[in-house]
Amino acid sequence: MSRPDDLRWMQAAAALAARGRPLSRPNPAVGAVIVKEGIVVGRGWTQAGGRPHAEAEALAMAGDAARGGTLYVTLEPCAHISTRGASCTSLVLNSGLARVVIGVEDPDPRTAGSGVAAIRAAGIVAEVLSCPAARASLAGYLVRAAKGRPHVTLKLAMSLDGKIALADGSSRWITGPEARAHCHVERARADAILVGGGTLRADSPRLDVRLPGLEGRSPQRMVLTRGAAPEGWTAVHDITAPDAFGDAQYLFVEGGAQTAASFIAADMVDRLLIYRAPIIVGNGLACIGDIGLGSLADAHGRWCNVDRRTLGSDTADVYERVR
């Protein structure tokens, strides 16, 4: 049975999980907190390269203090045998923990409920808590498990009238420095970043992270093209092809208009990130190309605004799909 503070501690674990993204690739970024008598005695998140796991980190920090405590972990502890170390379920069984609270059951068939079952069989209380923050922290892992593709964020930077450039293609800079810095943070949280071939040829974008301390977090660069990719880039020819993006869990799409339209038309956008500058362009290039819409009644999907903030003179809105 859930307790009054369970949701709060699970949200704390989800916040820790963000520290592992995207460095935990190819493993999901998981967060874990161990609480005993209302005090955090251990915490952890998945480390770079996928190991150690969050539970192992938290248990190592807690040591003997874990005995009798509660582990809050965003994803069901792994239960399968690995050449890279003991399973997290086995660590839990030998920890002396009294209770384990799990944010999301693992869709990986190698675990998929067997971790929970083994914990319960050992006499440790194991509960699955419905926590949106835990699911959100695992969005890339869950989308890949369910759909075989990464979680896709489509970024659009536009004027108030929906233009991304002047009619001659001039586009630097629509937004101000604060919005551009925010975008660099978003890049740092992605495994890969993609633009269309036209954007690559016209703008020669660097698509790196240019924030102090995060320069090493630049994502893998991809280009949607019919031809070959230049050095340092990965070519994507068909966004719907299996494994088109390798093992990336989070893909950040930066344009242009036809590339944006391709992802929307293929129903492959999970999150919209829209920066709006307080300018009007008039005769310019639209932010999204033709998506084959026949009438407003057929408008693509429904979107829910989940975040809005002011960045200097610009605004940023985040929308997620309402399934």
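## A guided tour of the predicted model

Begin by selecting Ala-257, which is buried, with a relative accessible area of 17% (buried means under 20% relative accessible area, exposed over 50%, partly exposed in between, with a 1.4 Å probe and protein chains only). This is a predicted model, in which local features need pLDDT of at least 70 and side-chain atom pairs count only at pLDDT 80 or more, while totals for chains, interfaces and linings use all residues. Residues are numbered from 1 along each chain as its sequence is written, and side-chain values use heavy atoms, with hydrogens and water left out.

**Around Ala-257.** Ala-257 belongs to helix α9, residues 257-265 (helices are DSSP runs of H or I with at least four residues, strands are runs of E with at least two, and both are numbered from the N terminus). Next, display Ile-164, Ala-286, Cys-287, Ile-288 and Gly-289: Ala-257 touches these residues, not counting residues up to four places away in sequence (contact means heavy atoms within 4.5 Å). Then select Arg-187, which is 70 residues from Ala-257 in sequence and 19 Å from it in space, C-alpha to C-alpha.

**The open sheet.** Now colour the open sheet of 5 strands, whose order is β2-β1-β3-β4-β5 with mixed pairing (two strands pair if DSSP finds at least two bridges between them). At its edges are β2 (39-45) and β5 (125-128), each pairing on one side only. From one strand to the next, the twist averages 15° (axes are lines fitted to C-alpha atoms, for helices over the stretch in contact, and angles run from 0 to 180 degrees between N-to-C directions). Helix α1 (residues 6-17) packs on this sheet, touching β1 (31-36), β2, β3, β4 and β5, and its direction makes about 140° with that of β1. Select helix α4 (residues 114-121) as well: it lies across β4 and β5, running at about 150° to β5.

Strands of a sheet pair through backbone hydrogen bonds, either parallel or antiparallel. For the parallel sense, select β3 (residues 70-75) and β4 (residues 99-104), which pair over 5 bridges. Thr-70 has Arg-99 in β4 as its bridge partner.

**A hairpin.** For the antiparallel sense, move to β14 (residues 303-311) and β15 (residues 314-321), joined by 8 bridges. Leu-311 has Asp-314 in β15 as its bridge partner. This hairpin has 2 residues between the strands, and Gly-312 takes a positive phi near 65°.

**Charges over rings.** Finally, select Arg-8 and Trp-9: the charged end of Arg-8 sits over the Trp-9 ring, 4.3 Å from its centre (a charge sits over a ring if NZ of Lys or CZ of Arg is within 6 Å of the ring centre and within 35 degrees of the ring normal). Arg-21 lies over the face of Tyr-250, at 3.6 Å from the ring centre.
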